[in-house]
Amino acid sequence: MGWSHAGQHAYVASLGIAIPYVIAAFHTDYATVGILLSIAAIAGSALQALSLVVRRTSARVLFTIQNIGSTVGAVIAALAPGIYVFMAGRLLQASAGWPQHPVGGSYLANRYPAQRGTTLSWHVTAGNLGTLLAPLIMPLVIVTYGWRAAFWALAILLVTTVAVVAIWLPSSWHRITAPDTVEDQAHSESAPFWHRLRTLMTQRPVFALLLAGTIAAGGQGIGIVGVYTPGYLHSSLHLSALGLTIVLTLLYVGAVIGPILMGSIADRSNHRFTLIANYGLGALALLVFVFVGRELLSLALVGIAIGIFSYSELSLRQTVFADYLPPGMSRAGFGVFFTVSQTIGALWIAIIGVTVTDSGFQTAFILMAATFIAAGCVVIWGTHKRPAIAGNST
């Protein structure tokens with residue numbers, strides 16, 4: 001499951017690193033790229049609603065199809081004659097990747113309920129390992145062989161995710177699986193599914209966490225920071241390939257250790273408070289990043305902080321959301337969580353792209369920080385100190 005997630009993140013991080021070169025090759029701009037990326041992200045996010053329909057379909061089947069689609073998407077990008085075909089590869093990868101978050105989150109949360117924060121953070125961290133691979137490989141391949149060769153290398157990586165899931169993921173090939181847990185089975189017939197789902201979505205804490213997700217998507221690591229930070233370092237600060245590799249690598253090191261660290265803190269203390277604190281610290285890191293100048297050490301240190309807090313937001317918010325999910329609603333609840341948050345939040349990719357084109361990277365990063373502050377306020381307003389449904393003391 002983790003290596004599958006790593007492949008999905010590697011694609012998005014590689015995309016961010018390649019974009020300055022792709023823009024130059026196809027003679028386009030960040031506004032156009034941002035709009036096209038937003039369309040792909042919206043499509044992929046909206047398809048997560050399929051988890052409401054395929055609630056009992058084998059996770060192994062879903063993830064194998066996902067990773068085959070992502071591999072083909074990388075091949076299309078490598079062969080693309082223009083920006084629209086290139087983005088068609090991203091659209092295919094985003095569309096195929098819909099199971100990773102809702103199905104993966106449900107799959108893991110149900111197996112380790114007592115360590116939910118840590119388990120879901122490991123899921124995010126595994127994905128971020130793929131994010132970390134990108135700056136270690138992509139800049140060198142791009143400089144040496146060109147950006148098309150880098151996408152061929154990415155396709156080879158994605159082939160390994162197909163094999164790992166198809167061979168080793170503990171989920172049946174041959175039949176429709178049972179619900180995620182025995183407890184889910186017991187509750188699956190207690191009330192009509194759609195009635196229970198509608199009731200759940202009308203609760204204030206659930207609504208608040210969904211709303212916070214649509215706002216905080218403007219400052220999240222995957223999709224925003226991962227896409228626009230390479231452009232800022234390359235096009236605005238004019239860092240060398242070595243400098244860009246150093247800063248991005250350390251940022252993604254933060255992305256790997258951050259969710260584990262913050263998830264562990266959340267399980268040991270308080271899920272809700274940890275999420276709120278993460279929003280404040282993440283906003284501060286994003287602001288400082290564009291005011292420290294070109295000094296490599298300062299950029300690297302702040303980059304680590306951005307990696308920790310921007311990439312921890314999703315797993316922490318998902319953990320708090322899971323605290324409010326009743327038995328039997330795990331996959332469906334996560335389906336709504338990711339569909340709503342990421343579909344609407346995907347608009348931020350276009351908004352940030354237009355902001356970069358019109359006002360520059362500094363304004364764009366200030367806007368990213370503002371989304372974290374606003375999301376933190378929504379969580380404070382809308383959630384209880386103790387979950388009302390799950391009865392979990394965290």
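I began with the crossing of H1 and H11, and H1 passes H11 in a right-handed crossing. A reminder to myself: this is a predicted model.

**Entry 1: H1 against H11**

I looked up the geometry next. H1 covers residues 2-26 and H11 covers residues 221-236; their axes come within 8 Å and cross at roughly 30°. Angles under 35 degrees count as roughly parallel, so H1 is roughly parallel to H11.

Which residues in H1 meet H11? I wrote down His9, Val12, Gly16, Ile17, Ile19, Pro20 and Tyr21 on the H1 side. Across from them, H11 brings Ile222, Gly223, Gly226, Val227, Pro230, Gly231 and His234. Sorted by class, the contact of H1 with H11 has 8 nonpolar and 6 polar residues, with no charged ones.

**Entry 2: the largest cavity**

I got 3 cavities of 30 Å³ or more, and the largest has a volume of about 500 Å³. I noted 31 residues lining the largest cavity, and the closest to its centre are Ser45, Arg90, His101, Ile222 and Gln342. Ile222 is a residue I had already jotted down, on the H11 side of the contact with H1.

Which elements give two or more residues to the lining of the largest cavity? They are H1, H2 (30-46), H4 (83-96), H11, H16 (330-345) and H17 (347-359). H1 gives the largest share of that lining, 5 residues. By class I have 13 nonpolar, 16 polar and 2 charged residues around the largest cavity.

**Entry 3: the second largest cavity**

The second largest cavity holds about 50 Å³ of space. I listed its lining as His9, Val124, Asn128, Gln220, Gly221, Ile222, Ser310, Tyr311 and Leu314. The elements that give two or more residues here are H6 (116-145) and H11. How do the lining residues divide by class? I have 4 nonpolar, 5 polar and no charged.

His9 and Ile222 turn up in this lining, and I had both in the contact of H1 with H11. Ile222 is also among the residues closest to the centre of the largest cavity.

**Entry 4: H3 against H5**

On to another helix pair. H3 (residues 59-79) and H5 (residues 102-109) pack at an angle of about 145°, with their axes 11 Å apart. H3 passes H5 in a left-handed crossing. On the H3 side I found Ala59, Leu62 and Phe63, and they meet Val103, Gly104 and Tyr107 in H5. That contact comes out as 5 nonpolar residues, 1 polar and no charged.

**Entry 5: H13 against H15**

H13 (residues 271-289) and H15 (residues 313-323) have axes 9 Å apart and pack at an angle of about 150°. Angles over 145 degrees count as roughly antiparallel, so H13 is roughly antiparallel to H15. I logged the crossing of H13 and H15 as left-handed.

What makes the contact? From H13 I have His271, Arg272, Thr274, Leu275, Asn278 and Tyr279, and from H15 I have Glu313, Leu316, Arg317, Thr319, Val320 and Asp323. By class, the contact of H13 with H15 splits into 4 nonpolar, 4 polar and 4 charged residues.

Methods:
Residues are numbered from 1 along each chain as its sequence is written. This is a predicted model: local features need pLDDT of at least 70, side-chain atom pairs count only at pLDDT 80 or more; totals for chains, interfaces and linings use all residues. Side-chain values use heavy atoms; hydrogens and water are left out. Axes are lines fitted to C-alpha atoms, for helices over the stretch in contact, and angles run from 0 to 180 degrees between N-to-C directions. Helices (H or I, at least four residues) and strands (E, at least two) are DSSP runs, numbered from the N terminus. Angles under 35 degrees count as roughly parallel, over 145 as roughly antiparallel, 65 to 115 as roughly perpendicular and the rest as oblique. A crossing is left-handed if the near helix is turned anticlockwise from the far one by less than a right angle, and right-handed if clockwise. Contact means heavy atoms within 4.5 Å. Ala, Val, Leu, Ile, Met, Phe, Trp, Tyr, Cys and Pro count as nonpolar, Asp, Glu, Lys and Arg as charged, and the others, Gly among them, as polar. On a 1 Å grid over the protein atoms alone, a cavity is a set of points where a 1.4 Å probe fits but cannot get out, and a pocket is an open set with protein on both sides within 12 Å along at least five of seven lines; lining residues have an atom within 4 Å of a point. Grid points are joined across faces, edges and corners, and a volume is the space filled by probe spheres set on the points.
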